[in-house]
Amino acid sequence: MTSLSRDDVAKLAGLARIEMSDEELVSLSNEFTVILDAVARVQEVAGADVVATSHPLPLRNVFRPDVVIPSLSPAEALSGAPAQEEQRFRVPQILGEE
Amino acid sequence: MSLTYEEVVAKYEPVLGLEVHVELNTNSKMFCGCSTIFGAEPNTQTCPVCLALPGALPTVNERAIESTIKIGLALNCSIAPFSRFARKNYFYPDMPKNFQISQYDEPICVNGYVDVEIETDEGPKVFRIEVERVHMEEDTGKSLHVGGATGRIHGAEYSLLDYNRAGIPLVEIVTKIVPGTGKYAPEVAKAYVAELRDILRSLGVSDVKMEQGSLRCDANVSLRLIGSDVLGTRSETKNVNSLRSVERAIRGEMIRHAERLNSGERVKQETRHFQEDTGLTRSGRSKEQAEDYRYFPEPDLVPVAPDAAWIEQLRAALPERPSIHRKRLQEQWAVPDKEMSAMINADVLDVVEATVALGADPAKARSWWLGEISRIANERDVAIKDLSISATDVAEIVALVNAGELTDKLARQVVEGVIAGEGRPSAIIAARGIKVVNDDSALMAAIERACAGQPETAQKVRDGHLPAAGALIGMVMKDTKGQADAAKVRALLLAHLGQSEG
Amino acid sequence: MIRNSASEMASKLASGEVTSVALTQAHLDQISAVDKDVHAFLHVDTEGALSQAAAVDAKRKSGEKLSRLAGVPLALKDVMTQKGIPTTCGSKILEGWRPPYDSTVVTNLKKNGIVILGKTNMDEFAMGSSTENSAYGPTHNPWDLTRIPGGSGGGSAAALAAFEAPLAIGTDTGGSIRQPAAVTGTVGVKPTYGGVSRYGLVAFSSSLDQAGPCARTVLDAALLHEAIAGYDPKDSTSINAPVPAVVVAAKAGNVKGMKIGVVKELNGDGYQKGVRTRFEESLELLAAAGAEIVEVSAPNFEYALAAYYLIAPSECSSNLARFDAMRYGLRVGDNDGASAESVMNLTREVGFGREVKRRIILGTYALSSGYYDAYYGSAQKVRTLITQDFNKAFEKADVLVSPTCPTTAFKIGEKTNDPLAMYLNDIATIPVNMAGIGGMSLPSGVAGEDGLPVGFQIMSPVMKDDRMYSVGASLEAALLSKWGAPLLSTIPALAGSK
Ligand SMILES: [Zn+2]
């Protein structure tokens with residue numbers, strides 16, 4: 001039986017960038033015990049000899065020519081922005097440099 | 001405890017790993033049709049795809065694939081018969097989808113190498129840098145940090161995002177670990193990046209401008225005790241934006257690591273940032289807790305499976321390796337090392353070659369580009385490439401001088417005219433009236449040469465001693481292999497020297 | 001007039017018997033009258049619809065050649081972008097967002113002169129089987145307002161059953177077109193994956209999502225299918241081949257000599273009695289119409305649900321990462337000194353509903369290092385096995401059939417606290433998405449025990465979508481002659497309905 005502890009769920013919520021209350025973490029951890037048991041069934045038939053299908057169609061090499069097409073206007077691009085300044089998206093301070 | 005570089009390399013062996021990111025010079029972005037022109041107004045080159053608007057889907061730029069295959073071939077890689085894009089998941093505001101479309105376990109090119117030659121104590125030596133993979137990905141947007149005291153991200157009150165660069169095709173070239181370079185590690189790394197830059201330029205796939213960020217290098221360095229085969233902990237230095245910085249950053253990191261190791265401290269596995277001003281690196285994000293990128297095959301794109309015919313066609317069209325090409329040119333032109341380096345440093349090798357290809361004598365072509373034209377570029381503080389004079393112009397001027405229709409002095413005026421935008425050489429000659437209008441220009445050139453060859457004799461003639469002219473006329477006749485009319489030569493010569501008969 | 005089929009409306013428009021403006025207004029009136037109870041729509045674009053209708057009328061008047069469905073109104077699932085029109089995907093996180101671009105489906109609808117009435121309700125980001133997961137409140141099943149209309153496309157299906165629109169667009173990731181069609185007594189088709197462009201369809205699970213037509217008759221579905229399908233260079237997974245001749249097939253409705261395979265594993269235990277009875281009856285009608293009924297087995301289908309609940313959450317955990325409060329949509333907690341990271345965290349906490357979070361966390365787990373092979377990797381292998389089962393089955397039969405869902409519509413609120421019970425709704429529809437083939441649900445009557453509609457599912461091989469239309473049209477005709485009138489004519493009248 002697979003299970004996820006409250007702390008496991010908290011770590012996943014961090015990776016997924018979702019704030020969660022303690023109560024939510026606990027209840028999700030309980031649900032996952034049930035859900036993971038159900039989905040882990042896939043391992044019963046997924047032998048080493050079976051190839052993985054990541055896509056339903058056997059398509060290959062779908063490319064587009066290197067041609068410029070008109071962009072959105074800056075007004076359109078920024079139309080949904082919660083905040084903007086100097087034709088740029090204004091966002092809260094970014095911590096942790098890259 | 002401060003160590004000298006000599007002390008470091010006496011005790012430790014550096015192991016390098018180099019990751020070079022290259023922005024391709026395609027017209028449109030990797031996964032959408034937005035323009036890639038550098039320096040446009042913010043957010044003018046964005047669309048639903050590169051802004052990651054809900055519902056938008058990526059489509060692959062064919063030329064980006066082609067360029068990547070060319071790079072792989074030029075770096076002696078195998079081209080994978082089947083490769084795929086994958087999503088690299090992590091949140092960062094300058095990356096609109098919060099995942100980067102990259103390649104993970106199925107890159108398009110693998111297992112190549114680049115040989116670089118550097119000068120060692122024992123003479124020139126070739127080091128082979130093995131390339132692990134060449135893969136495709138996309139660039140991020142740019143953030144501008146507002147309100148902080150230093151302008152660095154820490155302390156900024158907010159950030160402004162411009163996504164023009166988001167989605168520009170990037171190729172990442174990753175080496176295997178490079179051991180065995182010893183004290184030459186910094187120079188080998190520099191030579192490798194320089195060689196890559198030249199190769200990429202010769203392929204025409206990138207602008208390779210380190211200062212504009214179209215070629216960026218991350219240098220991984222670790223040290224181990226000489227004789228040990230256990231790898232040390234590595235640091236990854238980013239922001240290395242010039243060839244000289246590659247060398248300095250690695251040298252600096254080697255010393256920093258050695259100092260920590262000697263004093264019994266651990267080297268932290270972390271990202272460090274190179275600072276051009278001090279030549280030192282400063283600590284960035286710690287990588288002790290590796291980010292879990294949750295790679296999986298990009299379901300919005302289909303696999304890339306280039307057929308063998310396409311690959312062979314691209315292979316056949318590869319240009320000569322720049323280092324080999326340079327050696328060949330140097331031999332053909334019989335240029336001394338010093339002059340060759342001068343041309344490379346002045347970045348005129350290509351244009352000199354083009355001028356020679358149009359019929360100019362190599363020495364003449366070289367002397368125009370390195371001499372007069374370089375001088376004007378320096379004077380104006382612009383790159384030679386940005387002057388409005390082409391190989392065709394210079395070849396034409398050289399031909400006119402050879403034909404005696406221009407003297408060197410007149411030719412310089414023509415060059416100035418071309419650069420001033422007055423038109424092609426022939427047009428300038430006509431417009432400025434520079435052209436020696438009689439049919440005797442060849443003769444005049446010979447007369448000038450004769451006078452230059454015997455200045456004292458010429459002076460005598462100028463002073464009115466006409467019999468001295470005989471010696472000069474003899475020289476001109478010899479120069480023109482006796483085909484000139486002696487009387488005409490005499491008349492022209494005397495006129496040239498300000499005298500006349502009787 | 002609003003009870004006509006779309007093709008009947010199209011004929012009346014073509015003959016000049018009615019104008020598109022009048023037809024559109026009649027539907028807008030019906031929406032005003034009944035949607036307070038049904039809640040099929042999240043946004044009604046009254047002005048836009050009437051002006052599109054007027055434009056079609058003007059073109060028709062000037063003698064311009066118009067496409068068959070020009071002037072007929074349609075309801076659009078709120079997961080498709082339409083330039084300038086709010087698109088929420090049933091989520092708080094996109095409240096107020098107006099896309100600056102049209103999805104390819106919308107471009108095709110506009111090209112065909114089809115009038116878009118507005119956007120229909122759905123489970124948040126198409127995650128659900130009941131439309132109860134909409135952040136804007138549930139949609140009610142017009143057959144019984146205390147019951148669910150299916151999901152995720154409950155709004156589109158309910159709009160058809162309540163005569164608020166004769167046509168609708170749905171999207172189907174694990175049954176979101178077919179299951180709502182089944183429980184509302186309407187027709188829903190999931191075309192072959194790649195048959196209809198996904199450009200502008202807000203992604204839930206990219207390798208499974210497929211947009212398709214919803215209608216009240218098989219022929220209407222075929223007409224709409226033809227209008228929206230076809231190759232799109234903006235979608236790299238779009239199929240570059242001619243659209244299957246679905247309209248021809250729907251018009252002919254011929255099953256003579258066809259082999260119809262009954263999937264052994266998609267029937268029996270766990271299927272409601274009335275569902276099974278209607279299914280058997282439909283098989284008899286098809287046999288009587290000249291089809292040969294054979295039994296086929298698909299042993300790996302029992303793993304489909306488990307694989308689906310790994311693949312879809314994994315892909316969605318990545319697809320939904322873009323909702324981060326930076327460029328569009330909701331932003332929460334942007335106080336002085338707040339970091340981008342904390343604003344993302346808070347916005348996603350408030351902006352996403354419980355089911356969406358549950359799946360994002362599940363998908364994040366399934367893709368994380370150390371678990372990938374056991375979960376996502378294994379699920380992809382199951383996908384291969386399911387496709388192989390289909391391939392073998394299609395060697396024996398031209399199409400496969402099953403009940404669309406194990407049960408009729410359940411009560412609103414009945415299963416909201418039991419995710420696994422909810423997931424079981426899709427047990428018969430999910431295999432189709434896993435293999436990327438086509439699937440259709442059409443009404444086969446009502447269950448004796450509760451008087452609620454039952455759906456009959458037809459599955460056809462990749463790009464043989466025409467086959468399910470042949471079978472569907474044949475069965476529809478047989479049922480119609482048996483009943484004497486369409487099933488929806490027996491739906492209880494809604495208060496205020498015309
Ligand atoms: Zn773009």
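Me: Which residue stands opposite B:Asn220 in β12(B)?
Reply: Strands first. Helices (H or I, at least four residues) and strands (E, at least two) are DSSP runs, numbered from the N terminus. Two strands pair if DSSP finds at least two bridges between them. Here B:Asn220 stands opposite B:Glu236 in β12(B). Strand β11 (residues 215–225) and strand β12 (residues 235–240), both of chain B, pair in the antiparallel sense over four bridges. This is a predicted model: local features need pLDDT of at least 70, side-chain atom pairs count only at pLDDT 80 or more, and totals for chains, interfaces and linings use all residues. Residues are numbered from 1 along each chain as its sequence is written, chains are lettered from A and ligands numbered from 1 in the order in which they are written, and side-chain values use heavy atoms, with hydrogens and water left out.

Me: How many bridges join β1 of chain B to β11(B)?
Reply: Eleven bridges join strand β1 (residues 12–23) of chain B to β11(B), and the two run antiparallel. B:His21 stands opposite B:Arg216 in β11(B).

Me: Is β11(B) mostly covered or mostly uncovered?
Reply: Take the cut-offs first. Buried means under 20% relative accessible area, exposed over 50%, partly exposed in between (1.4 Å probe, protein chains only). In β11(B), nine of the eleven residues are buried, so the strand is mostly covered. As for side chains, in a regular strand they alternate between the two faces of the sheet.

Me: What is the order of the strands in the open sheet of four?
Reply: The order is β2(A)-β3(A)-β9(B)-β8(B), with antiparallel pairing. The edge strands, β2 (84–85) of chain A and β8 (142–146) of chain B, each pair on one side only. Four bridges link strand β3 (residues 88–92) of chain A to strand β9 (residues 158–162) of chain B. In β9(B), B:Ser159 is the bridge partner of A:Val91.

Me: Which residues are the protein donors of the zinc ion?
Reply: Donors are N, O and S atoms within 2.8 Å of the metal (3.2 Å for Na, K and Ca); water is not among the atoms, so sites may look incomplete. Here they are the SG atoms of B:Cys32, B:Cys34, B:Cys47 and B:Cys50, lying 2.3 to 2.4 Å from the zinc ion. Their spacing in sequence is C-x1-C-x12-C-x2-C. B:Cys34 and B:Cys50 are 16 residues apart in sequence, so the pair ties together those parts of chain B. B:Cys34 is buried at 1% relative accessible area, and B:Cys50 is buried at 7%.

Me: What is the geometry of the zinc site?
Reply: Four donors count as tetrahedral if all angles lie between 85 and 135 degrees. The four donor atoms here make angles of 100 to 116°, and the site is tetrahedral.

Me: How many residues line the largest cavity?
Reply: On a 1 Å grid over the protein atoms alone, a cavity is a set of points where a 1.4 Å probe fits but cannot get out; lining residues have an atom within 4 Å of a point. A volume is the space filled by probe spheres set on the points. The search of the whole structure finds eight cavities of 30 Å³ or more. The largest has a volume of about 180 Å³. Its lining holds 22 residues, and among the closest to its centre are B:Cys50 and B:Glu138.

Me: Where does C:Phe163 lie?
Reply: C:Phe163 is in the loop between α5 and β4 (167–171) of chain C. Its phi is near 55°, a positive value in a residue other than glycine. C:Phe163 is buried at 4% relative accessibility.

Key. Four donors count as tetrahedral if all angles lie between 85 and 135 degrees; four count as square planar and six as octahedral if opposite donors are over 155 degrees apart and all others between 65 and 115; anything else is irregular. On a 1 Å grid over the protein atoms alone, a cavity is a set of points where a 1.4 Å probe fits but cannot get out, and a pocket is an open set with protein on both sides within 12 Å along at least five of seven lines; lining residues have an atom within 4 Å of a point.
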